[in-house]
Amino acid sequence: MSRSAAKSLSNAVLAELDRLRGDFKAKIAGGPFPQLFASRVGVVLSGGGARGAYEAGVLMAFQDAQVPTHILTATSVGSINAASFAAHSSGLVGDAKPLVDAWMELTPATLGIDWSRYIFVLAGLIAASAGIGNLIWEWLKEHHIYLHAHHPKATWLALAAGGLAVLLFADRLSYIGYVILNFLRGRKWEPDRRKAWVSFGANLLVLSFAVLFLGFTHIHVPVRGDHIIEFSAPLPLVLIALAAVFVYRMLQDHFSRWSHRFLRLPLRTGLFPNFDRIKFLRARIPEHSLRSSDIRVVMTATDLRHGVARYFSNCPVETLAQDPGAQQDFVRREVEQPDDLVQAAVASSSYTFAYEAVPMGGRLWTDGGIMTNQPILPALRLGADVLFLVLISPLQGAHDTGEIRTFLDVGLQAVDILISKNFKTDIALLSHFNRLCSLYAADLGVRPEQLELEIGSQRYRYVKAFHVAPKEALPASSLDFDGQIIGPVIVQGYKDATKVIADFLAYELARPARESRRVVRLEAERTEGNFRAAAKPQSGAS
């Protein structure tokens, strides 16, 4: 897309968003609005690469509705969205305008997604091969050993074509041999016909180029002084090839280890470096404002060496532990305030396989989505009694991942599968405690929001959950950072959020005051049995 076309599309998207914002604000102004929000609101932002643009639209709807956001727990790209939203906040209401503008500016290059770096790696390999080859060539010339080609251009063209054929069909060459071997052994086995024909064609192509190359060359070898023996190329080269195959079979394990060490040299912990992303984010997320924001931002990252999740907060741990409803032991054990919040956001969003892992504080960090892509539990432990779960995939069914062709596609899909399982586990736990609260509330003739369960040293409250999710799969994959795709995704997020926020406002109008909450102490060994018999109500507010 040309720059002018991209600008035109961006303007059209922003105009559509402005229209929707005007309609939504007018609707809120014309209806009943809570004078005071009784709930402690937590927003949970998940990961998903470019699909995280959906969350930017959702957060803009929160801004327009002036909904106080007490807690933002996030992971992966959600951490970047949360950091930007809170860094530009006014009190407990964030500002999503800079975030939306940043999303609309995104291109793969601004995020360091540059596949041409691997062309340079390939060019380096070619240069190294050419240097070593010419060194050997010069050594052979000094010893009067020559490889002559009858038709040089055709010879080198055949060699290049054969090499390309091997490069493109390396994973398919051996299948025809496997088919022939099974046929000779008389095994009853039905081969994949298409795969067999492709393998046969690839082998025929490689052998044709090899025969063409060998037929055009001959070797001069000096013996006994100035006497020279001339060999036609096929015989000695075939013998050399057979000898090479024999040596390879004998030393295959050693050769595999050496190859592994060699191939690792140009590779890093991810396909792309984080330098460009860090530069982009530092220009758009004022760290001092994020650190002083009233919104509690908690970003999830995965410690690669220890295989655990860690939560990075924008405020000191001791301050966080004193917040209403916060579980102090959890905060002090699981949360830390990093020296560099932008670096922490980069660590949380270093999508595995795609971006390099981030060294920070003597540890190596990668995408928090590996451990928990929808960090529900931290929001609960920090005292949220209303949760907005912002999902970038439909609630029912898997999202469309597109065609899976490379190891990167497989890796991204594997992470998404893991993410889905973690989310279901957290939701099941939330539903369990909500069910307990509802059972006791029915016994006592009160609403579930008016109870807090005390089990051992832990306290649990009824948490109203609102889901913001697209009805259908978003038209973007994890690495589709393209304004043509991102713009409509932002608009979709805004539309979906406005509907859910309207439900929340109606709920908030009817919600009991926090002062009416009662504590019910449970015997821990009986919470899975007869729920009602274990209740020991206590008077007083939580």
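**Helix packing and selected residues in a predicted model**

At 45% relative accessibility, Gln 66 counts as partly exposed; the class lies between buried, under 20% relative accessible area, and exposed, over 50% (1.4 Å probe, protein chains only). The model is predicted: local features need pLDDT of at least 70, side-chain atom pairs count only at pLDDT 80 or more, and totals for chains, interfaces and linings use all residues. Residues are numbered from 1 along each chain as its sequence is written, and side-chain values use heavy atoms, with hydrogens and water left out.

Gln 66 sits in the loop between helix 2 and strand 2. Helices (H or I, at least four residues) and strands (E, at least two) are DSSP runs, numbered from the N terminus. The phi of Gln 66 is positive, about 55 degrees, although the residue is not a glycine. Most residues other than glycine have a negative phi. Ser 76 also has a positive phi of about 55 degrees and is not a glycine. Ser 76 belongs to the loop between strand 2 and helix 3 (77-87). At 2% relative accessibility, Ser 76 is buried.

The protein chain holds 18 helices and 16 strands. Of its 542 residues, 45% are buried. Contact means heavy atoms within 4.5 Å. Among contacts in the chain with a separation of 6 or more, 76% join residues 24 or more positions apart.

Two packed helices are described by the angle between their axes and the distance between the axes. Axes are lines fitted to C-alpha atoms, for helices over the stretch in contact, and angles run from 0 to 180 degrees between N-to-C directions.

Helix 2 (residues 53-65) packs on helix 4 at an angle of about 155 degrees, with the axes 9 Å apart. Helix 2 is therefore roughly antiparallel to helix 4. Angles over 145 degrees count as roughly antiparallel, under 35 as roughly parallel, 65 to 115 as roughly perpendicular and the rest as oblique. The crossing of helix 2 and helix 4 is left-handed: the near helix is turned anticlockwise from the far one by less than a right angle, whereas clockwise would be right-handed. Helix 2 contributes Ala 53, Ala 56, Leu 59, Met 60 and Gln 63, which meet Lys 97, Leu 99, Val 100 and Trp 103 of helix 4. The contact of helix 2 with helix 4 comprises seven nonpolar, one polar and one charged residues. Ala, Val, Leu, Ile, Met, Phe, Trp, Tyr, Cys and Pro count as nonpolar, Asp, Glu, Lys and Arg as charged, and the others, Gly among them, as polar.

Helix 4 (residues 97-105) also pairs with helix 18 (residues 483-510); their axes come within 8 Å and cross at roughly 155 degrees. Helix 4 is thus roughly antiparallel to helix 18. Val 100, Trp 103 and Met 104 of helix 4 meet Ile 486, Gly 487 and Ile 490 of helix 18. Five of these residues are nonpolar, one is polar and none is charged.

Helix 18 also contains Lys 495. This lysine is partly exposed, with a relative accessible area of 35%. Neighbours within four places in sequence aside, Lys 495 is in contact with Glu 16 and Leu 20. Lys 495 and Pro 470 are 25 residues apart in sequence, and their C-alpha atoms are 9.5 Å apart.

The axes of helix 6 (residues 152-169) and helix 8 (residues 193-215) come within 8 Å and cross at roughly 155 degrees. Helix 6 is therefore roughly antiparallel to helix 8. Their crossing is left-handed. Residues of helix 6 in this contact include Trp 156, Leu 159 and Phe 169, and those of helix 8 include Leu 205, Phe 209 and Phe 213. The contact has 13 nonpolar residues, two polar and no charged.

Two further buried residues complete the description. Thr 75 lies in strand 2 (residues 71-75). Its relative accessible area is 0%, so Thr 75 is buried. A polar atom of the Thr 75 side chain lies 3.5 Å from the backbone oxygen of Thr 300. Val 342 is found in helix 15 (residues 341-348). At 3% relative accessibility, Val 342 is buried. Apart from neighbours within four places in sequence, Val 342 is in contact with Leu 281, Arg 282, Ile 285 and Glu 287.

Definitions and conventions. A polar contact is a pair of N or O atoms within 3.5 Å; within protein, one must be able to donate a hydrogen and the other to accept it, and residues adjacent in sequence count only if both atoms are side-chain atoms.
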